[in-house]
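Subject: Model handover

Hi,

Here is the model I promised to pass on.

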Amino acid sequence: MKVTSIEALEKIAKEVRRGIIEEVYNAGSGHPGGALSCADILTVLYFNQMNVDEKKPNDPNRDRLVLSKGHASPALYSVLARKGYFNKELLQTFRKIGSNLQGHPDMNKVPGVDMTTGSLGQGISSAVGMAIASKMDKAGCKVFCILGDGEIEEGQVWEACNIASKYELDNLCVIIDNNNLQIDGEIEKVGGMNNITEKFLSFGFNVLNINGHDISSIIDAVTTAKQTKGKPTAIIAKTIKGKGVSFMENKAEWHGKAPKEDEYKIAMKELED
Amino acid sequence: MEEIKKATRDSYGEMLLELGKENENIVVLDADLSSATKTALFAKEFPDRFINVGIAEQNMMGIAAGLSTFGKIPFASTFAMFAVGRAYEQVRNSIAYPKLNVKICATHAGITVGEDGATHQMLEDLGLMRGLPNMTVMSTSDDLQTKWAVREIAKINGPAYLRLCRMKTPIIYNEKDVEKFELGKGIQIGKGTDATIIATGDTVAEAIKAKEILKEHGINVRVIDMHTIKPIDKEIILKSAKETKRIITVEDHSIINGLGTAVSEVLSEEYPVKVEKMGIPDVFGRSGKAEELMRYFKIDAMAIVNKFM
């Protein structure tokens with residue numbers, strides 16, 4: 001069911017963030033920073049924008065989402081659980097032996113996961129393949145792909161953009177989670193990634209710059225992307241790594257580590273309704 | 001054996017076109033090499049089901065993966081060096097791990113690429129591909145066998161790798177032979193008990209030539225055409241080892257991790273006999289004519305014969 005009120009969506013996003021912290025805390029490992037930064041985007045997509053039905057996770061006509069930055073899996077799992085694809089209790093098993101919630105998403109293990117991802121730069125190519133297939137079949141499926149801003153240092157991303165443009169994939173919308181940090185620090189200093197807008201423009205994309213934590217801006221941008229004809233859209237979403245948990249915000253060190261018990265308690269308190 | 005020759009890449013292109021007519025889910029991808037991989041035949045007939053990604057093999061594998069999630073049966077082609085070498089991790093993580101229905105048909109494998117030299121002579125592909133869980137690995141020896149294999153891998157619901165060659169090789173089989181082919185089952189040629197020569201791809205014809213020469217010298221060997229490298233046909237290997245006591249493997253591939261290794265793995269665990277591995281030793285290739293290179297690296301009929309002299 002589509003959630004339309006901004007307030008309700010914000011509430012869900014907060015719940016999703018609590019799920020992320022629970023998952024990573026219970027696992028004792030994982031990637032909270034980049035999961036928290038794309039929590040609002042994923043919430044809007046699954047609860048407001050995508051044509052999906054949690055009761056029919058394999059419906060061929062559904063819209064698709066490829067989490068190319070697969071390490072943000074706790075965010076995707078938290079959204080899928082909240083949406084009802086699987087029992088929320090399962091979030092406690094994240095990364096544990098015997099669990100279907102692998103460190104990085106596995107499409108064969110988790111209902112609602114449309115593509116197995118984890119190795120950076122690869123998901124966008126799969127998304128391009130999906131968008132081409134949907135066009136071949138005149139199926140009308142929209143394909144969304146979430147990329148990290150560090151991830152776009154991978155050359156394969158630009159190979160994929162080239163073909164997305166060649167085939168005029170207006171059913172493809174890539175969203176760059178532009179939190180400005182990668183493991184070793186700021187993206188401009190580590191990989192030299194700059195002028196992201198110009199890069200996507202030169203690859204033939206329709207480019208939209210938004211605040212990736214502002215629910216109504218995300219809704220507007222995705223709506224525009226869906227209406228754009230003849231070219232793919234790139235939404236460059238300015239975000240904050242670790243968003244919602246004060247001590248994690250804008251800290252590269254929270255890319256890939258779990259909170260300790262006291263930190264967990266503070267985080268959960270900050271994310272209370 | 002007739003002296004009519006044909007490259008397995010040509011057989012691939014022809015069968016792809018045929019399959020395309022039968023099944024509209026067949027889609028073909030190439031990376032700017034369609035005239036060499038022979039996917040151009042399909043492209044001409046079915047332009048709407050042909051995707052040329054340009055010189056970007058990693059992206060090609062990912063696109064193929066995405067297409068397969070919509071029920072398409074993508075055949076992704078380029079030279080073996082780039083399909084397996086450059087795009088290895090994409091094949092591993094985006095295709096083999098999620099067990100997606102993508103067929104990787106790589107041409108220009110092995111030393112017989114010839115004049116282009118070491119950078120284009122893929123000698124490690126069988127090892128890399130057979131090391132991947134979920135991956136079926138085939139390496140075919142002639143025209144009809146290749147056509148049969150293309151059809152077979154299209155039937156499997158999962159990833160498959162088919163190794164093809166640039167060089168023209170002799171026709172070995174006729175239509176009646178093909179009826180008996182089975183995926184995962186090697187083909188025994190001859191009943192000799194003096195030794196077993198196990199070959200795959202373009203070395204099968206050389207092994208058969210050697211078998212005939214040896215016969216004139218009173219040495220009776222059998223040849224096994226191992227068209228499926230994974231799953232390997234354990235049964236035929238063990239039977240031959242027991243009946244002939246001597247196993248020689250010949251491959252247009254590194255002696256590390258290829259056919260010889262796969263055969264050795266079976267024998268060392270279940271029936272240890274000495275395995276003589278003929279292939280490219282632990283070195284890179286070099287320029288030359290295909291036939292010259294087979295001679296240089298001792299994987300031609302004469303080299304096999306010399307093992308007995």
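To start with the domains, the C-alpha centres of domain 1 and domain 2 of chain B lie 24 Å apart. The bounds come from an automatic or database domain assignment, which gives 5-170 for domain 1 and 185-306 for domain 2 of chain B.

Before going on, some housekeeping. This is a predicted model, in which local features need pLDDT of at least 70 and side-chain atom pairs count only at pLDDT 80 or more, while totals for chains, interfaces and linings use all residues. Residues are numbered from 1 along each chain as its sequence is written, with chains lettered from A and ligands numbered from 1 in the order in which they are written.

Back to the two domains of chain B: 27 residues of domain 1 are in contact with 29 residues of domain 2. Contact here is for two residues whose C-beta atoms, placed from the backbone, lie within 7 Å. On the domain 1 side, two or more residues each come from helix 7 (125-130), strand 6 (136-139), helix 8 (143-155) and strand 8 (168-170) of chain B. Strand 6 of chain B has the largest share, four residues. By class, that side of domain 1 of chain B has 11 nonpolar, 12 polar and four charged residues. (Ala, Val, Leu, Ile, Met, Phe, Trp, Tyr, Cys and Pro count as nonpolar, Asp, Glu, Lys and Arg as charged, and the others, Gly among them, as polar.)

Chain B as a whole has 14 helices and 14 strands; these are DSSP runs numbered from the N terminus, with H or I over at least four residues for helices and E over at least two for strands. In chain B, 58% of the 309 residues count as buried, that is, with 20 or more other C-beta atoms within 10 Å of their own, where exposed is 12 or fewer and partly exposed lies in between.

Now for the contact between the chains, which takes 22 residues from chain B and 23 residues from chain A. Helix 4 (57-68) and helix 6 (88-96) of chain B each supply at least two residues of the chain B side, and helix 4 of chain B gives the most, with eight. Helix 6 of chain B is mostly covered, with seven of its nine residues buried. Those buried residues pack against helix 5 of chain A, together with helix 4 and strand 5 (103-107) of chain B.

Helix 5 (residues 123-136) of chain A is mostly covered too, with 12 of its 14 residues buried. From first C-alpha to last, helix 5 of chain A reaches 20 Å, close to the 20 Å expected at 1.5 Å a residue, the expected span being 1.5 Å times one less than the number of residues.

Lastly, the largest nonpolar core has 182 residues, and those with the most contacts inside it include A:V128 and B:I197. Such a core is a set of buried Ala, Val, Leu, Ile, Met, Phe, Trp, Tyr and Cys residues joined through C-beta atoms within 7 Å. Helix 1 (residues 6-27) of chain A gives the most to this core, with eight residues.

Best wishes
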